[in-house]
Amino acid sequence: MLKIEMSYRAILIIALLALAVWLWLKLWTIILLLAVAFIFMAALLPYVEWLVQRRVPRTASVLLLLFAILAVIAGLSALVVPAMIDEFTDLRDNLPEYARDLEVFLDNFGIEVELEERARNVDWDEIISGQAAVDYGQRIAFTVLAIFSVTVLTAYLLVDSPRLSRLIYQFVPPGREPELERFLQALSRVVGGYIRGQLLTSLSIAIFTLVVLLAVGVPNPVAFAVLAGFVDIIPIIGAVIATILPTVAAFQESPTQAIIVLACMILYQQFEDRFLVPRVYGQTLNLSQMVVLIAVLAGGQLLGITGVLLALPAVATGRVVIEYILEKRQELVTPPGPTGEPLAPDTDTKEEESGK
Amino acid sequence: MENERGVGKCEETHLGSYGYPSRPEEPYQFCPQCGKAMVWACPSCDTPLPDDSAELEAALFCRQCGAAYFPSAGVDNKGVTSRQVV
C-alpha cells in the first residue's frame, strides 16, 4: 500500500495554497479592481507628491487630482455618447441606402455583391430588443460601479500611501531597504510610464483623427477623435476599431471619403507603431510584438476587455519582478566583493596573504 | 524635502538603516544586536556605505579611498583582518 509522509510544514503550505486559490476564485473581481487601483496609484502618486511638496494637504491633493480626471472623462463622454447615438440611428435608418452606394462603388471595380437586400433584412428589433436593453443596462451599471470602486480605492491608496509604504518596509530586513526602494521605483516607472505613454499616444491619435475628419468633411469629427483616443488604450484591437469607426462614418458621406480616411488611419497606425510608441515608451515597455499578442489574447480569454487592458502593464510588471529575481540569483552565485568582484574563498586569501 | 537615508553595519556585519519608512530617522551610534559601533560612512573620506545588501555585507574597505571601515578591529587594506593572518 502506498504510504505518503508529509511534514507539518508541507501540509501547512498546501493548505495555504488551497486557501489562496479559493480566495482568488471568490474574490477575483475585487482583486482585479484593486490591481487597477494600484496601477492608477503608481501613475498618480508622483503628481500627488508634487502637490504635497507645495504644501497642499495630501487628501486635498488626491481629491483635486481625481475630480479633475473624472471631470475630463465625463466631459469627453458627453461629447462622444450623443454623437454616437446619432450616428447609430442614422446607420439604422439608412443602412439599405449605404449598402446600395457600396454595391455601386464596388461594381466599378468589377466586384459584384448583394448588400442592399441583406441590409433590408437586418432585424433591428432583435438587436435592440428589450432583453438586449436589459443586458446593455446591466453592463453599463457594472461599468459605472467598477469605475466608482476603482476611483474610491485609488483615492484611499493615494491618501494612505505613506502608511502603506511603512507597512511594506516593515517586512524588509535592515540594510535591504535601498533594494526594495529601487524595485518599487522600477515598478512605478513601468506602470506610471505605461499610463503616461498611453495618454500621449491617445492624445496623438485623437488630434490626428480630428484633423483628418475635419479635412475630409466627416460629421461629428470631435466625437470620433475622442473615441479614437479612448479605444487606442486597447492593445492591437484598439487600432482596428479606431480605423473602422471613422471610415464607416466617412462612408455615409461617400466611398471616396471613406477610402481617404481609411488610408490616412492605416498610415497613422504605421507611424504610431514604428515611430511614436518606441519613442514614447522607450525602455519602459520594451516588449516584443509576440509577447504583447500572447499577453493580450491571454488577458482577453481570462478577464475579457479588462484583461486586455491590463495585459501590457501586467507583463511589464512581471518583467521587472523576473529581472529582480534573476539579479538576486546572480548575486547568490557570485556575491560581490568590496570592489564588486566575486569574493575569493577566505582560506585561500589567508594563505596567499601569509605566503607573501 | 527628501529626508536623508542611508545604510550601515557594525563590525559583526549586522546591517542597519535610517531614514526609510518605519526606521529611525537619524543614524544611530551602536548596533542594537551586539552593541558594537555602527559605521554609516567611510571614517576617512565620508563616502556612504554601498546600498546593495550583498555588497554592504561583504565590504570591508571604502571604494573611494581604500580605508578600512573598522580600523579598530585590526583590518588592514589587504582585505583580511590582521588577526586572521597567521
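A crossing of two helices is left-handed if the near helix is turned anticlockwise from the far one by less than a right angle, and right-handed if clockwise. With that in hand, welcome to this predicted model, in which H2(A) passes H8(A) in a left-handed crossing. Residues are numbered from 1 along each chain as its sequence is written, while chains are lettered from A and ligands numbered from 1 in the order in which they are written. Since the model is predicted, local features need pLDDT of at least 70 and side-chain atom pairs count only at pLDDT 80 or more, whereas totals for chains, interfaces and linings use all residues.

**Chain A overall**

- Chain A holds 12 helices and zero strands; here helices (H or I, at least four residues) and strands (E, at least two) are DSSP runs, numbered from the N terminus.
- Along the sequence, the pattern of chain A reads α-α-α-α-α-α-α-α-α-α-α-α.
- Of the 356 residues in chain A, 19% are buried. A residue is buried if 20 or more other C-beta atoms lie within 10 Å of its own, exposed if 12 or fewer, and partly exposed in between, with C-beta atoms placed from the backbone.
- Two residues are in contact if their C-beta atoms, placed from the backbone, lie within 7 Å. Taking the contacts in chain A between residues at least 6 apart in sequence, 64% join residues at least 24 apart.

**Confidence**

- The mean pLDDT of chain A is 81, and 89% of the residues score at least 70; pLDDT is the predictor's confidence in each residue, from 0 to 100.
- Over residues 337-356 of chain A, pLDDT stays under 50, and the model has 26 contacts beyond four places in sequence for this stretch.

**Helix H7 of chain A**

- Helix H7 covers residues 177-216 of chain A, and its 40 residues should span 58 Å at 1.5 Å a residue. The expected span is 1.5 Å times one less than the number of residues.
- The end C-alpha atoms of H7(A) are 57 Å apart, which agrees with that expectation.
- Leu210(A) has its place in helix H7 of chain A and is partly exposed, because 19 other C-beta atoms lie within 10 Å.
- Leaving aside neighbours within four places in sequence, Leu210(A) is in contact with Pro221(A), Val222(A) and Ala225(A).

- Val52(A) belongs to helix H1 (residues 8-53) of chain A. This residue counts as partly exposed because it has 16 C-beta neighbours inside 10 Å.
- Not counting residues up to four places away in sequence, Val52(A) touches Arg58(A) and Ser61(A).
- Arg55(A) lies in the loop between H1 and H2 of chain A and has a positive phi of about 70° although it is not a glycine.
- With 6 C-beta neighbours inside 10 Å, Arg55(A) counts as exposed.

**Where H2 meets H8 in chain A**

- The axes of helix H2 (residues 58-107) and helix H8 (residues 221-231) of chain A come within 9 Å and cross at roughly 115°. Axes are lines fitted to C-alpha atoms, for helices over the stretch in contact, and angles run from 0 to 180 degrees between N-to-C directions.
- On the H2(A) side, Leu76(A), Leu79(A), Val80(A), Ala83(A) and Met84(A) meet Val222(A), Ala223(A), Val226(A) and Leu227(A) of H8(A).

**The sheet in chain B**

- Three strands of chain B form an open sheet in the order S2-S1-S3, with antiparallel pairing. The edge strands are S2 and S3 of chain B, each of which pairs on one side only. Two strands pair if DSSP finds at least two bridges between them.
- Strand S1 (residues 6-10) of chain B is mostly covered, with four of its five residues buried.
- Four bridges join S1(B) to the antiparallel strand S2 (residues 15-18) of chain B, and Val7(B) stands opposite Ser17(B).
- S1(B) and S2(B) form a hairpin with four residues between them, and Thr13(B) in the turn has a positive phi of about 60°.
- Strand S3 (residues 38-39) of chain B pairs with S1(B) in the antiparallel sense over two bridges; Lys9(B) stands opposite Val39(B) there.

**A loop residue in chain B**

- Asp46(B) is found in the loop between S3 and helix H1 (53-58) of chain B, and its phi is near 70°, a positive value in a residue other than glycine.
- Asp46(B) is exposed, with 11 other C-beta atoms within 10 Å.
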